[in-house]
Amino acid sequence: MNMRTQTDKDLKSIRQVIEDYAAGADRRDISRLEKAFHDDFRVIALTGEGVQNLDKQTYLDLIRGEKIGGVERQLEIEWITSKNDTARAEIRLKSPAVTFPDDLSFIKDQQEWRIVNNVTQVVPV
């Protein structure tokens, strides 16, 4: 397999992980989020209440408890870059009320891409 084929395959896989994350949060689909997030996933969000630092379990508990998620948003992928077994992407998730500019970090663990970190901000529209 040449490097270009590997890169194309990786970018396609990373794009699928992003789509699983966005759709999983919007639909409160825990299985899609579990698939997208690494076990060590963390989100750091700048909100109106200050900085929120959530691990994977806390984030999923908030989804399950319907405290977050459940709103259809438009996904815009600004860019994706990968090197070896790490990658980054910048995306925007837009709803009528807020926009989330997400800076995502990925690692390839056991041949699967997963989001390990999300730095975001809640930006009212």
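A salt bridge is a side-chain nitrogen of Lys or Arg within 4 Å of a carboxyl oxygen of Asp or Glu. In this predicted model, local features need pLDDT of at least 70 and side-chain atom pairs count only at pLDDT 80 or more, while totals for chains, interfaces and linings use all residues. Residues are numbered from 1 along each chain as its sequence is written, and side-chain values use heavy atoms, with hydrogens and water left out.

Side chains of opposite charge can pair when their charged atoms come close. The structure holds 13 salt bridges, and Asp 20, Arg 32 and Lys 35 are linked in a network of them. Asp 20 is buried, with a relative accessible area of 5%, whereas Arg 32 is partly exposed at 24%. Here buried means under 20% relative accessible area, exposed over 50%, and partly exposed in between (1.4 Å probe, protein chains only).

Lys 56 counts as buried because its relative accessible area is 9%; Glu 34, at 33%, is partly exposed. By contrast, Arg 27 and Glu 72 are both exposed, and their side chains form a salt bridge of 3.7 Å, N to O.

The open spaces come next. A pocket is an open set of points on a 1 Å grid over the protein atoms alone, where a 1.4 Å probe fits, with protein on both sides within 12 Å along at least five of seven lines; lining residues have an atom within 4 Å of a point. The largest pocket contains about 530 Å³ of space, the volume being that filled by probe spheres set on the points, which are joined across faces, edges and corners. Of its 26 lining residues, Tyr 59, Ile 68, Gly 69, Phe 100 and Val 122 are the closest to its centre.

The second largest pocket holds about 210 Å³. Its lining comprises 14 residues, and Ser 13, Val 17, Gln 111, Glu 112 and Trp 113 lie nearest its centre. Helix α1 gives the most to this lining, with seven residues.

Key:
Helix = DSSP H or I, 4+ residues; strand = E, 2+ residues; numbered from the N terminus.
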